[in-house]
Amino acid sequence: MDTYLGVDVGSISTNLAVIDEKKKVLAWEYLLTGGRPIEAVQRGLREMEKKLAKELKIKGVGSTGSARHLTGILVGADTVKSEIIAHAVGASQLIPEVKTVFEIGGQDSKIIIVRDGVVVDFAMNTICAAGTGSFLDHQAQRLGVLIEEFGDLALKAEAPTRIAGRCTVFAESDMIHKQQTGHTTENIVAGLCQALVRNYLNNVGKGKEILPPIVFQGGVAANKGMKAAFEEELGYEVIVPEYYHVMGAIGAAILAQETIVQTKKTRFKGFEVSEVDYKTRSFECTGCPNLCEVIEVLMDREVISRWGDRCGKWEVLEK
Amino acid sequence: MKVTFPHMGRMDIFIKGMVKALGMEIVVPPTNSKKALDLGVKYAPEFVCLPFKLMLGNLIEAFERGADTVIMVSDRGPCRLGLYGLPMQIILKNLGYKANWLILNTPHALHGLFQLGIDKDVVKYRDKLTFMDGLLAFHFGWKKMLAIEEIERFSLKIRPYEINKRDTTKILYQGMKAIENADNLYDLKKAKNGVIKDLRNIPQDRNRRPLKIAIAGEIFVVLDSFANLDIEKKLGELGCEVDRTIWFSTHILHHLGLDKFMRRSKRRAIQAARPYLKYPIGAECNATVGYAALYAKEGYDGFVHLMPFTCMPEFVAGGVLTRVSKDYGIPVFTVELEEHSSQTHLMTRLEAFVDLLHRKRAKKRVNS
């Protein structure tokens with residue numbers, strides 16, 4: 001059977017998904033990147049290989065996420081696309097009539113507006129990280145609540161506390177103040193969800209036409225309190241798909257399938273790449289006052305790719 | 001007397017050309033770089049816009065190289081650029097740099113020129129040079145500027161077709177150097193024609209159908225490739241034919257009222273913005289809005305709007321652009337630039353924007 005692999009390497013998590021010709025998800029893998037994208041991808045590939053039946057053949061690979069270029073070189077991806085497109089493609093595969101996609105991850109959040117299956121507008125948080133998962137993570141620690149229990153706790157709230165959500169630091173001092181005046185933990189947790197939703201809609205979602213059906217994905221979608229807060233604020237149903245946490249990888253796999261239709265042949269290097277010795281190193285170029293930080297990727301001690309320079313002096317490898 | 005000035009795009013070419021012809025001494029600050037930016041960020045107020053920080057960095061670097069007289073552009077109106085000179089004067093004075101200031105704003109300029117006029121060094125030049133020398137010098141600088149703009153414009157047309165990535169950019173940089181080094185009009189013309197020929201000879205795939213994208217917004221970040229993170233080159237390498245709406249020459253011509261018959265003049269853009277903005281907001285705001293409408297009518301696929309973070313006029317334009325985008329069906333992508341802007345973040349969004357435009361075009365083709 002022919003299958004397609006999608007790899008999404010983000011700041012917090014690395015996700016892999018394998019789909020068949022009919023775009024059905026056969027297997028998925030979710031692991032933490034831990035700041036080491038190469039190791040995470042190799043670990044993911046190893047796990048994935050174990051899960052897949054031997055007769056399956058990978059016919060195409062797509063990479064996405066903030067480490068998409070590095071991953072693309074590592075695994076030999078047929079298509080390297082930004083996570084915005086991958087998430088939109090993943091969501092419209094699941095719900096073809098989708099009009100709005102909310103994606104909230106660990107360090108960034110995006111809104112994608114889709115009309116008739118095509119992305120027409122998008123926005124990402126640029127200046128501030130207050131509207132992301134790390135905001136909730138941080139406050140959960142502060143409250144002594146496990147992030148996994150956060151959602152269920154929020155649903156138990158009777159009167160959510162209003163918390164200023166513009167800035168993580170101000171939210172924290174506001175939250176502590178509310179704690180001191182006797183608000184219950186449930187109410188505060190629900191209040192934090194609402195603060196995040198307000199922040200998200202006012203910053204990332206500013207000026208965007210939010211219409212149902214709305215799909216909510218990314219790591220934060222696991223939080224039931226967030227789904228409820230979105231629904232209350234918008235008055236529409238918010239759909240959290242089954243594979244909400246690996247939608248980017250699914251999208252990348254679908255994009256790989258689309259690419260293979262044209263190119264016919266995959267560049268996939270095989271699962272063996274999980275055993276190859278890949279390294280990265282960086283140096284500061286002193287050729288001009290820009291002092292660009294150039295990154296080199298080495299395969300078996302040989303430089304196979306470079307990036308990070310503004311002028312392109314290093315990017316093109318001498319052959 | 002050693003005159004210096006802050007950078008704005010390739011304005012230095014114009015000034016250097018002019019000064020070269022006059023035989024005066026100037027200190028050109030090193031081109032905008034991380035160092036200039038770091039210096040500017042260190043001494044500028046935190047929420048001031050990116051151009052201020054870069055210009056301040058330029059001046060500090062120039063003073064370290066012995067400059068003692070500053071020529072500073074200025075403007076009236078809501079853009080903060082008009083007021084840059086005064087706070088900069090205070091900041092630099094507090095840092096211990098002593099300098100003469102010539103702020104080019106109507107009443108101040110006269111005052112400044114008067115001050116410079118009594119400076120002994122200037123008198124020395126004034127006795128040697130005639131009015132005609134000045135005119136010829138201006139003409140030479142202007143021609144250099146136009147030559148640079150011509151090759152830049154041409155490179156934008158070639159880049160989306162290049163087969164080997166970065167070919168165009170490499171030749172463009174070489175070409176800029178050659179034009180900079182030209183000593184007279186004959187050399188200048190020869191250098192320019194050489195670059196155009198080299199650009200034309202780049203291996204190209206003419207079967208491509210590049211997306212057409214216009215870039216507009218606040219003048220400094222549109223003109224300065226360091227400030228806008230080389231967005232033109234990035235878009236070009238993603239396969240887009242880019243048209244820049246503002247050039248140094250068109251800006252000057254507009255202010256002199258000489259752009260009446262130009263097809264894509266600022267004047268026309270301001271008129272095109274009339275249905276949305278009935279009175280001038282200031283700076284490039286009205287023009288930005290109008291350009292979106294003008295380029296949409298010409299069949300452009302997308303519109304990129306550049307602004308420094310905290311820029312008031314462009315912030316207004318950004319709001320109005322959502323309406324223009326809807327009315328004309330042209331996707332608009334706004335980039336707010338500041339010292340923390342990251343290349344990777346911009347790249348992610350640019351790739352997504354270009355993808356969006358490709359898919360939109362593919363769909364249009366299916367429907368028609």
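1. Ground rules first. Residues count from 1 along each chain as written, chains are lettered from A and ligands numbered from 1 in the order written, and side-chain values use heavy atoms, with hydrogens and water left out. As the model is predicted, local features need pLDDT of at least 70 and side-chain atom pairs count only at pLDDT 80 or more, while totals for chains, interfaces and linings use all residues.

2. Chain A splits into domain 1 (2-90 + 248-275), domain 2 (96-240) and domain 3 (277-319); these bounds come from an automatic or database domain assignment. The C-alpha centres of domains 1 and 3 of chain A sit 25 Å apart. Each of these two domains puts 9 residues into the contact (heavy atoms within 4.5 Å).

3. About 620 Å² is buried between domains 1 and 3 of chain A, with 75% of that from carbon and sulfur atoms. Buried area here is the accessible area (1.4 Å probe) that two parts lose on being put together, summed over both. On the domain 1 side, Ile38(A), Leu70(A) and Ile73(A) lose the most area, together 59% of what that side buries.

4. Which helices of chain A supply at least two residues each to the domain 1 side? They are α1 (37-51) and α2 (68-75), helices being DSSP runs (H or I, at least four residues) numbered from the N terminus. The largest share, 4 residues, comes from α2(A).

5. As for charge pairing, there are 0 salt bridges between domains 1 and 3 of chain A (a side-chain nitrogen of Lys or Arg within 4 Å of a carboxyl oxygen of Asp or Glu).
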